[in-house]
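Have the sequence and the 3D view open as you read.

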Amino acid sequence: MTETASKVGAEEIRVLSAGAVKRGVGALAEAFGRDTGAIVTVTFATAPADASTTSIDMTSDTGTDASGPVAYLFTFAVCASNGGTGGTSSAWQTGTTYTDTGLQVNQCYKYTVTARDSIPNTGGVSVQDSCSRTSTG
């Protein structure tokens, strides 16, 4: 660890660099069996697709991690053209399936999925799924 020491009166003060503190915390966590690594990035097992004229279903791959349970966040993004209103993101949830409801007919909606463990270490964001349009009937 990188440290500097100086005396103030009879007391010695030691100052650790931010990197040294981070390495020290990581070593302690590892010594006590805590998971310090990021969870794997998940993708869509089932891409967002029409469930009805006003809803879209999607399913994430199942993430695994030593510090389970794994939670998932499905994030709605506005399409550049023909984007519909009413799309919403999920809250963090333990289920791998999400249904976005209250959508407009024949409009564009797109989503990503992210996973995290209970620490919470968060994985990368999935590739944004291509736009999905609700059916007209």
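## Around S55

Setting aside neighbours within four places in sequence, S55 is in contact with A49, D50, T99, D100, T101, L103 and T134, where contact means heavy atoms within 4.5 Å. S55 sits in strand β4, residues 55-60. Strands here are DSSP runs (E, at least two residues), helices are runs of H or I with at least four, and both are numbered from the N terminus. S55 is buried, at a relative accessible area of 7%; buried means under 20%, exposed over 50%, and partly exposed in between (1.4 Å probe, protein chains only).

The side chain of S55 also makes a polar contact of 2.8 Å with the side chain of S52. The term covers a pair of N or O atoms within 3.5 Å; within protein, one must be able to donate a hydrogen and the other to accept it, and residues adjacent in sequence count only if both atoms are side-chain atoms.

## What you're looking at

This is a predicted model, in which local features need pLDDT of at least 70 and side-chain atom pairs count only at pLDDT 80 or more, while totals for chains, interfaces and linings use all residues. Residues are numbered from 1 along each chain as its sequence is written, and side-chain values use heavy atoms, with hydrogens and water left out.

The chain has one helix and eight strands, and they run β-β-α-β-β-β-β-β-β along the sequence. Of its 137 residues, 33% count as buried. Take the contacts with a separation of 6 or more: 55% of them come from residues 24 or more positions apart. The accessible surface is about 7800 Å², with 55% belonging to carbon and sulfur atoms; such areas come from the Shrake-Rupley method with a 1.4 Å probe, and for residues only the protein chains shown count as cover.

## The three-stranded sheet

β5, β7 and β8 form an open sheet in the order β5-β7-β8, with antiparallel pairing. β5 (71-77) and β8 are the edge strands, each with a single partner, so one side of each has no neighbour in the sheet. Two strands pair if DSSP finds at least two bridges between them; β5 and β7 have seven, in the antiparallel sense.

C131 lies in the loop between β7 (108-116) and β8 (132-133). Beyond its neighbours within four places in sequence, C131 touches C79, C108, Y109 and K110. The C-alpha atoms of C131 and P48 are separated by 8.3 Å, although the two residues are 83 apart along the chain.

P120 belongs to the loop between β7 and β8 as well. A cis peptide bond joins I119 and P120, with omega at about 10 degrees.

## Two asparagines with positive phi

Most residues other than glycine have a negative phi, and most peptide bonds are trans. N82 has a positive phi, near 60 degrees. N82 is in the loop between β5 and β6 (97-101) and counts as partly exposed at 37% relative accessibility.

N106 has a positive phi too, near 55 degrees. Its place is in the loop between β6 and β7, and at 40% relative accessibility N106 counts as partly exposed.
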